[in-house]
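Hello,

Here is the structure I promised to pass on. Please have a look, and then read on for what turned up in it.

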Amino acid sequence: MLRSFARSGFISLLFTLAALQAAPAASPSELLDALVAAYPDALARHDGDKLTWRDGTVMAVSDGRPDKPFKELLSNPSILDQMKLPYRTGRLAAPPALNDDPGRFRNEAFFKKMYGDCTKGEVQARMVPIVWLPKSWGKKISVTRVNGVAEKLKAVSDEIETLPPAIRKAAFPIAGVLACRPVADTGRMSMHGYGAAIDLNLEVSDYWFWTKKTDPIPYKNRMPQEIVDIFERHGFVWGGKWYHYDTMHFEYRPELIRTK
């Protein structure tokens, strides 16, 4: 069935429209409320136009250009743009529709302020070690301590350890955490550049950039839903819910998590 859906952009679009009808789009104010609530240690408030950090830094939330094409949203999103596409938890009803990539729009100024600039060693100075799957794999990885990401990944690891071995094996070995380089197709830093993303077992992973370029992109996924559910409960979004899928990839983006 998934194979037939992947061949049919029309059916995928119907599912997307149905989901949008079930969950009305959030207003800009609601999106900014969610952003401030997601990062309480860093963000103080917003007034609809400006975002105020706890250290007094003020950032504009919009560049006044609401109708950017997809490529520009990838390369130059505003703070509001990065929350433009809703991310919904749970099992996918159908493969993502064309360019439905919730989480791939990232405002670099915002995330550099939050986690630091890896090209200057600021991110690296905030990395701490954790043991990933101590009973199953037991190796140390380094992740950012900012926003409690390290503690949240420890909790994810503990929950994955309770899964059956046949499912759990998809979560190791780890393919990577910190990578101080831009995303291949956007030219912008991924969440790996901030130490707030993790890539799981390459052997059961699929990435759109590895496939023969076709239109539409045929969807592929071998990551168990049980692992996805655990990450989502702890504020991580999954790259398998992107049209430009990256099924090994999870990044800490609690502001995007919507359960309805």
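Let me start with the disulfide: Cys-118 is joined to Cys-180, with an S to S distance of 2.0 Å. Please keep in mind that this is a predicted model. The two cysteines come from distant parts of the chain, 62 residues apart. Cys-118 sits in the loop between α5 and β5 (127-132), while Cys-180 belongs to the loop between α7 (165-168) and β7 (197-199). The torsion about the S-S bond is about 85 degrees, so the disulfide is right-handed. Cys-118 has a relative accessible area of 5% and is buried, whereas Cys-180, at 35%, is partly exposed. The count for the structure is one disulfide.

Next, helix α3 (residues 28-38). Its buried residues are Leu-31, Leu-32, Leu-35, Val-36 and Ala-38. Viewed down the helix axis, they fall within an arc of 165 degrees, so they line one face of α3. As a reminder, an α-helix has 3.6 residues a turn, so residues three or four places apart point the same way. The buried residues of α3 pack against β1 (43-46), β2 (50-53) and α5 (108-115).

Finally, the aromatics. There are 17 aromatic pairs in the structure. One aromatic cluster includes Tyr-39, Trp-53, Phe-110, Phe-111, Tyr-115 and Trp-132, and among its other members are Tyr-194, Phe-231, Trp-238 and Tyr-252. Trp-53 also has a charged neighbour: Lys-113 lies over the face of its ring, 5.8 Å from the ring centre.

Enjoy exploring it!

Best wishes

Definitions and conventions:
Residues numbered from 1 in each chain as written. Predicted model: local features only at pLDDT ≥ 70, side-chain atom pairs only at ≥ 80, totals over all residues. Heavy atoms only, no water. Buried < 20%, exposed > 50% of the residue type's maximum accessible area, 1.4 Å probe, protein only. Helix = DSSP H or I, 4+ residues; strand = E, 2+ residues; numbered from the N terminus. Arc of directions from axis to C-beta. Contact = heavy atoms within 4.5 Å. Phe/Tyr/Trp six-rings, centres within 6.5 Å; stacked < 30°, edge-to-face > 60°. Lys NZ or Arg CZ within 6 Å of the ring centre and 35° of its normal. Disulfide = S-S within 2.5 Å.
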